[in-house]
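Good morning, colleagues. Please look at the structure as it comes up.

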Amino acid sequence: MKTKLYASVAAMALGTVAQADGHLAGQQITVAGPWLSPEAEIIAEIFSIFEEQTGASVSYVGSDSFEQQIMIDAESGSAPNVAVFPQPGLAADMARRGFLTPLADDTADWVRENYAAGQSWVDLGTYTDQNGEDQLFGMFFRVDLKSLVWFSPENFEDAGYEIPETMEELIALSDQIVEDGGTPWCIGLGSGAATGWPATDWVEDMMLRTQPPEAYDAWVTNELPFDSPEVINAIEQFGIFARNDDYVAGGSGAVATTDFRDSPRGLFDSPPQCYMHRQASFIPAFFPDGTEIGEDVDFFYFPAYEAEDLGAPVLGAGTLFAITNPTDGAQELVEFLRSPEAHEVWMSKGGFLTPHTGVDPDAFIDDTSRRLNDVLLNATTFRFDASDLMPGAVGAGSFWTGMVDYAGGADAADVAASIQSSWDAIQ
């Protein structure tokens, strides 16, 4: 009944867009984004529904250099009507420069009512305009998850372990595994020139589990300095797992040198080298060939501290639609993304998660996608990867290297101070 109610609300919000009345006949709407094949074909299929309903013609162009091209087009006055941003940082920059148009007035209320953790999605799509005023510029569509722990159901069953529902229980389970003679975690930070980034995800998840979202947002912009007690504590929370020789396969000294792509393999050894691996929804691509999710390996939500009472925060990423060259058709195209069917087309293809509470869960291509989406729908707060939103010299520089230093034994306060110094140097 709840699903039907949300669907009807979405249909009412769409108004004339939901009617195949051809009221936009002859109008050309251009869209640019980062999606190439096969994603480009999927979004074209979604746009074809809008074309049938309105009579408009929608043209999508994908580019692997989208972030550079969209700025060039905006500065030259030749931007597409709508742009698909892979993360909000660039969209926020363009909004401040006057290159984005606010979404329809009712969009924020609709998102709050129809997206799980709706206020989070309003926050993530709201930026200051060229006059310094906050406006909702972004409508999110297609989301990825990071707050996941992977494990072998068979190994858990054999040992009699249960899935923890709080961080306190997760730490207690880790201690129990050690007591039983096992190793709870496989952790690897190696990634070539990008070595260290997996640790930034751990710290970001810990910030969301020890601080309110407002503090997390302040950290991303450096209003909350990197060397503040709150951030140092989050780093040390990561250290509870990564700097405990008993907790990590190969000992803590192996964390920084183990490639992140190789690190989950210990789950599949017999006997297991480890029982758990924290990583995003993409990691099955690096599991052994033939691995069946739900049978050979499964996942659970990386839980929150019960004592902190911060709900169920989720870390991830996602794409957003914004208007870069306003027309009535451009506004209606973005409003069309409110409709469940726009989401359900991609849900049926795979590789798509959505916070939209009004979609039909049966539309997902498989049970794994459906259960991953449940993590998203149960979130009370959603935030983007902080390192992706920080200046490159920090988020893809000193933060990475600092986490490698910390995993190797450096003091958390010293590491945080060094990262803050790198931020000060670019301000």
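This is a predicted model: local features need pLDDT of at least 70, side-chain atom pairs count only at pLDDT 80 or more; totals for chains, interfaces and linings use all residues.

**Salt bridges and their surroundings**

Let me begin with Arg209, which is buried, its relative accessibility being 0%.

Which residue is the partner of Arg209 in a salt bridge? The partner is Asp205, and the closest N and O atoms of the two are 2.7 Å apart. Asp205 also has a relative accessibility of 0%; because the limit for buried is under 20%, Asp205 is counted as buried. Both Asp205 and Arg209 belong to helix H9, which covers residues 197–210. Four residues separate Asp205 from Arg209, about one turn of the helix.

Let me turn to helix H5, residues 107–114, where Arg112 and Asp109 are found three residues apart, again about one turn of the helix. Arg112 and Asp109 form a salt bridge with 2.9 Å between the closest N and O atoms. Is this pair buried or partly exposed? Arg112 is partly exposed at 37% relative accessible area, and Asp109 is likewise partly exposed, at 45%.

Another pair to note is Arg261 and Asp259, whose side chains form a salt bridge at 2.8 Å, N to O. Arg261 has 31% relative accessibility and is therefore classed as partly exposed.

Finally, how many salt bridges does a search of the whole structure find? The search finds 17, the Asp205 and Arg209 pair being one of the salt bridges described today.

How values were computed
Residues are numbered from 1 along each chain as its sequence is written. Side-chain values use heavy atoms; hydrogens and water are left out. A salt bridge is a side-chain nitrogen of Lys or Arg within 4 Å of a carboxyl oxygen of Asp or Glu. Helices (H or I, at least four residues) and strands (E, at least two) are DSSP runs, numbered from the N terminus. Buried means under 20% relative accessible area, exposed over 50%, partly exposed in between (1.4 Å probe, protein chains only).
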